[in-house]
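Subject: Structure for you to look at

Hello,

Here is the structure I promised to pass on. Please open it alongside this message.

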Amino acid sequence: MPDARYLVALLAIVFVIDLALRAVPFAALGALRESVLVRRFAVWMPVGILAILAASTLRGTIAADPGNAVSAAAAVAVTAAVHLWAGRRTLLSVGAGTVTYVLLLHFDVAAAIAGALSGEI
Amino acid sequence: MGVEVRAAEPEAAPEAVVSRRGEIAAGLRASLSAGLGMFPLGIAFGMLVVQAGLPWWVAPALSFTAYAGSLELLLVSMIVTAVPLATVALTTFLVNFRHVFYAFSFPLHLVRHRLAKAYSVYALTDEAYAITAASRERWSPWRLVSMQVALQLYWVGGGVAGTALASLMPGPIEGLEFALCALFVTLTIDAARTRAQIPSLLLAGLSFTVAILVAPDAALFAALVLFVAMLSVRHALGARRSREATDA
């Protein structure tokens, strides 16, 4: 158990830096809200940032266990397919993708395929 | 006091038309799909805190002060090894620097009440930003803030539940954390509704690819900085093109 003073100082530092990162840009952009640059960025940024977050979380999943790359890719495909064909119901798509991933991990499908492939070679 | 209240009335009037209860319900509905990822991930985080040998209250304490999943997971291991506070500060700054970019399109300007506005800024997480960025719905102050409160409840609740579960279960259910990845995949699809979004999507893909190659340990941070740099170039090129068009 770490020193209580260390913990309190750490929590305070994290809180202040975190809040500043979230608050300062609003103060800075407030005056620029009408500028062409800010309006363009507001249109251009969301889809790109979302795609980067998706790629980053996928990479994190794979990095946690590289053997699961195939399962993760399959689960992403299921998520996207359900989302496009079942009327963009996010809860359903996220649920289907996650259940797919959990089941693939549980039954270790990727390892079975890899085992079968190496057996053939 | 009375003068201040009267002065604020004309501004507040149009919003009074919207049903408050309906807006809160809509905010809760908007939060549900993210909750599906945040609650299990919160449980995993809570279990990690207990398994690392820290007291249970560290989980909610981090979720109220840091309130950013990936950073909190990092902080647990940093607390255990008692790294210097300067390192904690730098890590917090770098890992959460991405939030700087969210101000460009998060609909904070809708929220008028000072406390609600402060909370909305404080609770501007990846998930809260993503939900507003991907949705076509009309946001109102009540809808936005109730969505954010719900998200924090899922996360804090999941964390506390995880600390309780840690003593009962041998280990977490593997793979539940994938829900967060699935959420961002669906939100990306929702945001990419028109062909006009394709250039941004391609630039984002390029940014992330370059980031993995150049800075594999800080890929998220590097990708966002690269993406913003590329958008700046795109903006500059567009400005020059439109100037040439008017000259001709």
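Below is what was found, part by part.

First, a caution. This is a predicted model, and every value below is computed from it.

**Chain A against chain B**

Start with the interface. On the chain B side, 86 residues are in contact with 62 residues of chain A. Together the two chains bury about 6,500 Å². Carbon and sulfur atoms give 79% of that area. Three residues of chain B stand out here: Phe104(B), Phe178(B) and His235(B). They supply 12% of the area that chain B buries against chain A, more than any other three residues. How many salt bridges link chain B and chain A? The count is zero.

**The two domains of chain B**

Six residues of domain 1 are in contact with six residues of domain 2. The two domains of chain B bury about 520 Å² between them. Of that area, 86% is on carbon and sulfur atoms. Which residues of domain 1 lose the most area to domain 2? They are Leu94(B), Arg98(B) and Phe101(B), together 65% of what that side buries. Between these two domains of chain B, the salt bridge count is again zero.

**The largest pocket**

Next, the largest pocket. Its volume is about 1,500 Å³. The lining of this pocket has 50 residues. Nearest its centre are Thr57(A), Gly60(A) and Thr61(A), along with Ser70(B) and Leu73(B). Which element gives the largest share of the lining? Helix H2 (residues 36-64) of chain A does, with eight residues. Chain B takes part through both of its domains: domain 1 (2-191) and domain 2 (195-248) each give at least three lining residues. By type, the lining of the largest pocket divides into 32 nonpolar, ten polar and eight charged residues.

**Salt bridges**

Over all chains, the count comes to three salt bridges. One of them joins the side chains of Glu23(B) and Arg143(B), at 2.9 Å from N to O. Glu23(B) sits in helix H2 (residues 20-51) of chain B and Arg143(B) in helix H8 (residues 141-166) of chain B, so this pair ties together parts that are 120 residues apart in sequence.

Leaving out residues up to four places away in sequence, Val82(A) touches Gly87(A), Leu92(A), Ser93(A) and Ala96(A). How far apart in space are Val82(A) and Ala27(A)? They are 40 Å apart, C-alpha to C-alpha, and 55 residues apart in sequence.

Best wishes

Notes: Residues numbered from 1 in each chain as written. Chains lettered and ligands numbered in written order. Predicted model: local features only at pLDDT ≥ 70, side-chain atom pairs only at ≥ 80, totals over all residues. Heavy atoms only, no water. 1 Å grid on protein atoms, 1.4 Å probe; cavity = no way out; pocket = protein on both sides within 12 Å on 5 of 7 lines; lining within 4 Å. Points joined across faces, edges and corners; volume = space filled by probe spheres on them. Helix = DSSP H or I, 4+ residues; strand = E, 2+ residues; numbered from the N terminus. Nonpolar A, V, L, I, M, F, W, Y, C, P; charged D, E, K, R; others polar. Domains from an automatic or database assignment. Contact = heavy atoms within 4.5 Å. Buried area = accessible area lost by both parts, 1.4 Å probe. Salt bridge = Lys/Arg side-chain N within 4 Å of Asp/Glu carboxyl O.
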